[in-house]
Amino acid sequence: MERFICIHGHFYQPPRENPWLEAVEFQDSASPYHDWNERITAECYAPNATARILDGELLIQKIVNNYSKISFNFGPTLLAWMKEKEPDVHAAIVAADKQSQQNFSGHGSGMAQSYNHMILPLANRRDKYTQVLWGIRDFEHRFGRKPEGMWLAETAACSETLGVMAELGIKFTVLSPYQASRMREIGARGWRDVNGARVDPTRPYLVRLPSGRTISVFFYDGPISQGVAFERLLVSGEKFANRLMGAFSDRRNRDQLVHIATDGETYGHHHHQGEMALAYALQYIENNKLARLTNYGEYLETHPPTYEVQIHEKSAWSCSHGVSRWASNCGCNSGGRPGWNQNWRAPLREALDWLRDQLAQHFETKGNELLKNPWAARDAYINVILDRSPENVEKFFSETAAHELKEGEKVTILKLMELQRHTMLMYTSCGWFFDELSGIETVQVIQYAARAIQLAREIFHEDFEPAFKGHLAKAKSNIPEHCDGAVIYDKFVKPAMIDWKKVVAHYAVSSVFQNYSERTKIFLRSFEEEHREFLSLGKAKLAVGRVKVTYEITHESAVLTYAVIYLGEHNLAGGVHASQAPEAYDRMLNELKEAFHRADFPEVIRLIDHHFEGSNYSLKSLFKDEQKKVLYQILSSTREDLENRYRLITERYEPLMHFLKDLRAALPLALQTAADFILQVELRRAFEAEQINLDHLQALCAEGKARDVSVFDEDLCYSIKNRLEEMMRQFAATPDNLPLLRCLAGLTAIVRSSPLNLNLWRTENIYYEMEQLVLPKFQSAAAQGDEDSQAWVELFLSLGGHFGFAVKQFQT
C-alpha cells in the first residue's frame with residue numbers, strides 16, 4: 001500500500017479592469033500598493049514562487065518554487081494581468097509547470113480554469129462551451145501544452161458542464177465531497193448513498209455523462225481543507241504535514257491519495273507566511289519519506305477509477321443550497337450585517353439574462369451578415385484576446401468572415417466580439433457572492449453590462465439601457481440611500497462610462513502637465529496629433545489641438561478638437577468636441593490665442609465655453625492614475641510650504657521638546673505632529689538619496705525608534721523596500737561594485753535594527769540568485785589571495801545575514 005499526497009491551490013482574483021480602459025485603476029484600499037492584484041501578488045503569488053524554508057534558528061536555508069510541487073490553477077484573467085504587470089511571477093508559474101512535469105512522470109501540475117469564473121450550471125450551453133474552450137485555449141497559450149484537468153468556478157458543476165468539458169478533452173476536475181450523491185464499484189448494480197460528504201476522498205471516481213462520454217472526478221478532503229483555510233493549520237509546516245498524514249487509514253488495503261483544495265490565496269495573503277508553512281510541509285513529507293507527492297494527472301494515469309459516482313446537479317463548494325448563492329437569497333453570505341438580505345441576487349441575474357438574450361438575437365442577425373458562423377467566431381475570438389497583433393487579427397478575419405471585408409465591417413466585427421466578451425464578463429461569480437448590491441464586485445459586473453449596452457447602441461443603433469435599468473430597479477439595496485439597481489447604475493456605473501470625448505479630455509488635460517510625442521499611447525488608445533499649439537504665460541498654460549484617436553481593440557478611429565487652459569493649482573477648464581471644419585478650427589484657435597496673449601483668462605474660459613458648448617472638463621476628467629500623478633505634482637508646492645512651516649515649529653521648540661522628553665512628559669499634539677512629520681521627511685530623503693549617508697541615516701532611525709509614536713508607517717516602509725530593490729538590481733548588474741556592496745551591507749544593518757515591516761521578497765530573491773551564481777566566483781578568487789574578493793565575500797555574507805539567510809552554509 002503506497003501513500004500519495006496532492007495539495008491543490010485555486011489562485012484567482014475577480015477581473016478588476018475598468019471595462020472602458022482595460023486596465024486596473026488605482027485602488028486606495030490596497031495602499032501602499034497600486035491595486036489589490038498587485039498587493040496579493042506581493043503577499044501570495046510571488047512568495048509561492050520563491051518560498052523560504054527556514055532552519056532551526058529561523059534563518060533562510062533555501063528558496064523553493066511551491067508551484068512545482070503542488071497542483072494549481074490560475075484564473076485566465078488574473079494571468080493576463082500578471083503577464084503585463086508582473087511578468088517575472090508569470091514566468092515562474094509557467095516554469096513551475098514545466099518542472100512539475102519532470103517531478104510527476106510528464107504530468108504538469110497546472111490545471112485550466114473556465115475563463116472568467118462564471119457559474120456554469122446557471123449559464124446556457126453556448127456560454128458553457130465558450131467559457132470552457134476559452135479556458136483551454138488560454139492555458140495552451142501560456143503553458144504550451146493541453147490541460148488534463150480543469151477547475152470550475154466555485155467547483156460549480158452539473159452534467160451538462162461536465163459534458164462540455166469531456167467533449168473538449170478535459171480528463172478530470174476536482175469537486176467538494178458534499179457534491180457527491182451516490183457511488184458504486186464499476187460494474188456493480190446497487191448504488192451507495194454518500195450524501196453529507198461521506199464519499200471516500202482517497203480515490204478518483206468516474207462520472208458517466210448523458211452523451212456517453214465520461215470524466216473523472218476527485219473529491220477533496222473536506223476537514224483538512226477547512227482546517228487549512230479557516231482553522232490556522234498553517235501556523236506550523238510540521239503540524240500541517242502531520243494533519244495530512246493523519247488522513248491515511250490502514251483499514252484501506254490499497255494505495256491512497258490524500259488531497260486538499262483551498263483558495264490559493266490562503267498561502268500568504270489570508271494567512272501571513274502561509275507559503276512558508278506549505279513549503280516546509282512539502283519538504284518534511286519528502287525528506288521523511290512519509291508519502292509520495294503527486295498531482296492529479298499522474299495519479300489518474302496510474303490509478304484509473306474503479307468506482308463511479310453521481311453528483312448533485314447544480315452544486316458548488318461554497319453554497320449548501322446548490323448554486324443558489326448566485327441566483328437567490330438562499331442564506332449564504334459573508335456575514336456580519338444583521339438585517340441585510342440578498343433578495344437582490346435574483347433580479348440582478350434576471351436583468352443580465354434579459355440583456356444577454358436581447359443582445360444575442362441582434363448579434364446573430366448582424367453577425368450573419370459578416371461572418372460564416374457568429375458563435376463559432378466568438379469561440380475563435382480567444383485567439384485575438386491572447387494576441388491582438390495586426391497579423392493575428394487579420395488571420396481571425398480570414399478564417400471567420402463570410403466575404404472580403406471593408407475596414408468599417410472589420411470594426412463592426414470586432415465590436416460584436418467585444419460585446420460578447422463583456423456579456424460573459426458580466427456573469428463573473430463575485431458579483432453575487434457578497435452581501436450588498438452596491439458592493440464593488442457587483443458594481444463591476446454591472447459595468448460590464450453597461451459596456452455591452454454601449455457597444456450595442458453603436459452597432460445596432462438601439463438603446464437597451466432604459467429597459468435594462470427597469471429590470472435592475474427590481475433589485476433592492478440594503479443601504480437606503482442606494483435604493484435599487486437603477487439608482488446604483490446611475491450613481492456608480494454611468495460616471496465610469498467613457499466615450500470619445502472623455503478619452504480626449506483625459507489626453508488634453510494630462511498634456512498640460514507632461515510632454516507627449518506626436519504619437520502617444522494611453523490605455524490602448526493611440527493619439528496622433530494633426531495640429532497642436534501650446535502657450536504659457538507665467539503659471540498659465542493653454543493647449544489647443546486636433547487629434548486622431550484610434551482604439552486598438554476595435555480599430556475604430558475618430559478625430560476631435562480640444563482646448564484646455566490651466567491657471568495654477570487645481571484651476572483648469574477645457575472643452576472637447578468632434579472635429580470641425582478647418583476654417584472654424586482656425587477661427588477658434590486665433591480667438592483663444594489672442595485672448596491668452598492679452599492675459600485675459602476670463603475671456604479664454606468664456607471662449608472655451610462658447611466654442612465647446614455643453615462640454616466642460618477639469619482635473620476631475622482625468623482617469624484615476626493620471627489624476628493622482630497630476631495632483632501630486634500640483635501639491636508639491638503645498639508640501640514644501642507645509643514642510644517649511646513644520647520645520648520652523650520643530651526648530652523653534654526643539655529645546656522645549658528635549659526638556660519634556662527628559663521629564664518623560666508627553667509632547668503637545670501639535671508639537672508631536674510637527675516633529676514626526678519632519679522626521680519622516682528626513683528619513684525618506686535619507687533613504688532615497690543618490691549617495692546614502694549611513695551615519696546620518698542611523699541617527700535618524702535611532703531617533704525614530706525612540707519616539708513613542710511610530711514614524712515608520714506603511715508608506716515609508718514601501719519606499720524603503722523599493723529603494724533596496726533598486727539597489728540590489730543595480731548590484732546584480734554590477735556585482736564587482738564593492739562600494740555599492742559596502743553601502744548595501746551598512747544600509748541593511750540599519751534597516752534590520754529598526755522597527756520596519758518590510759516585504760523584502762524581491763531583494764532576498766536577487767541575493768539568493770547571486771549566492772548561487774556569483775558568490776562562488778568571488779570565493780574562488782578570495783581563496784587565491786585576492787584581497788578585494790576577500791572583502792567582497794565578507795561583505796556579501798554580512799549582507800545575507802542582515803537579510804536573514806543562514807550564511808554559514810554559503811561559506812567555503
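This is a predicted model: local features need pLDDT of at least 70, side-chain atom pairs count only at pLDDT 80 or more; totals for chains, interfaces and linings use all residues.
Which residue is the bridge partner of M183 in β14? The partner turns out to be V309.

**Entry 1: the mixed sheet**

Strand β8 covers residues 180-185 and strand β14 covers residues 307-311. They run antiparallel, and five bridges join them.

Next I asked which sheet they belong to. I found an open sheet of six strands, in the order β7-β11-β10-β14-β8-β9. Its pairing is mixed. At the edges I noted β7 (172-175) and β9 (192-193), each of which pairs on one side only.

I also checked what lies across this sheet. Helix α5, residues 159-167, lies across β7, β10 (205-208), β11 (214-219) and β14. I noted its direction too: α5 runs at about 115° to β11.

Some background for my own use: most residues other than glycine have a negative phi, and most peptide bonds are trans. With that in mind, I went looking for exceptions.

E154 gave me one, with a phi near 60°, a positive value in a residue other than glycine. I located E154 in the loop between β6 (150-151) and α5. Is E154 buried or exposed? Its relative accessibility is 11%, so E154 counts as buried, the cut-off being under 20%.

A197 gave me another, with a positive phi near 65°, and this residue is not glycine either. I found A197 in the loop between β9 and β10. A197 has a relative accessible area of 25%, so I wrote it down as partly exposed.

For the peptide bonds, I stopped at the one from S31 to P32. That bond is cis, with omega near 10°. P32 sits in the loop between β1 (3-11) and α1 (36-49).

**Entry 2: Q342 in its loop**

I moved on to Q342, which lies in the loop between β14 and α10. The relative accessible area of Q342 is 2%, so I logged this residue as buried.

What does Q342 touch, leaving aside residues up to four places away in sequence? My list reads S328, N329, C332, N333, F434 and D435.

H555 is 213 residues from Q342 along the chain, and 41 Å separates their C-alpha atoms.

**Entry 3: α10 against α16**

Two packed helices are described by the angle between their axes and the distance between the axes. I looked up both values for helix α10 (residues 345-370) and helix α16 (residues 440-460). The angle is about 25°, and the axes are 11 Å apart. How do α10 and α16 lie relative to each other? An angle under 35 degrees counts as roughly parallel, so that is how I describe this pair. The crossing of α10 and α16 is left-handed.

For the contact itself, α10 supplies L348, L352, L355, L359, H362, F363 and K366. From α16 come T442, I446, A449, A452, I453, A456, I459 and F460. Sorted by type, the residues of this contact are 12 nonpolar, two polar and one charged.

**Entry 4: α29 against α30**

I repeated the exercise with helix α29 (residues 761-773) and helix α30 (residues 775-783). Here the angle is about 50°, and the axes are 4 Å apart. α29 and α30 are therefore oblique to each other. The contact is made by M770, E771, Q772 and L773 of α29 with L775, P776 and K777 of α30. I sorted these residues too: four nonpolar, one polar and two charged.

**Entry 5: the antiparallel sheet**

Five strands form an open sheet in the order β15-β16-β17-β18-β19, and the pairing is antiparallel. The edge strands, each pairing on one side only, are β15 (519-522) and β19 (572-578). On average, neighbouring strands of this sheet are turned by 30° against each other, direction ignored.

How many bridges join β16 to β17? I read 12 between β16 (residues 525-537) and β17 (residues 540-551), and the two strands run antiparallel. Within this stretch, E528 stands opposite K548 in β17.

A helix belongs in this picture as well. α20 (residues 582-597) lies across β16, β17 and β18 (557-566), and α20 runs at about 155° to β17.

Technical notes:
Residues are numbered from 1 along each chain as its sequence is written. Side-chain values use heavy atoms; hydrogens and water are left out. Axes are lines fitted to C-alpha atoms, for helices over the stretch in contact, and angles run from 0 to 180 degrees between N-to-C directions. Angles under 35 degrees count as roughly parallel, over 145 as roughly antiparallel, 65 to 115 as roughly perpendicular and the rest as oblique. A crossing is left-handed if the near helix is turned anticlockwise from the far one by less than a right angle, and right-handed if clockwise. Contact means heavy atoms within 4.5 Å. Ala, Val, Leu, Ile, Met, Phe, Trp, Tyr, Cys and Pro count as nonpolar, Asp, Glu, Lys and Arg as charged, and the others, Gly among them, as polar. Two strands pair if DSSP finds at least two bridges between them. Buried means under 20% relative accessible area, exposed over 50%, partly exposed in between (1.4 Å probe, protein chains only).
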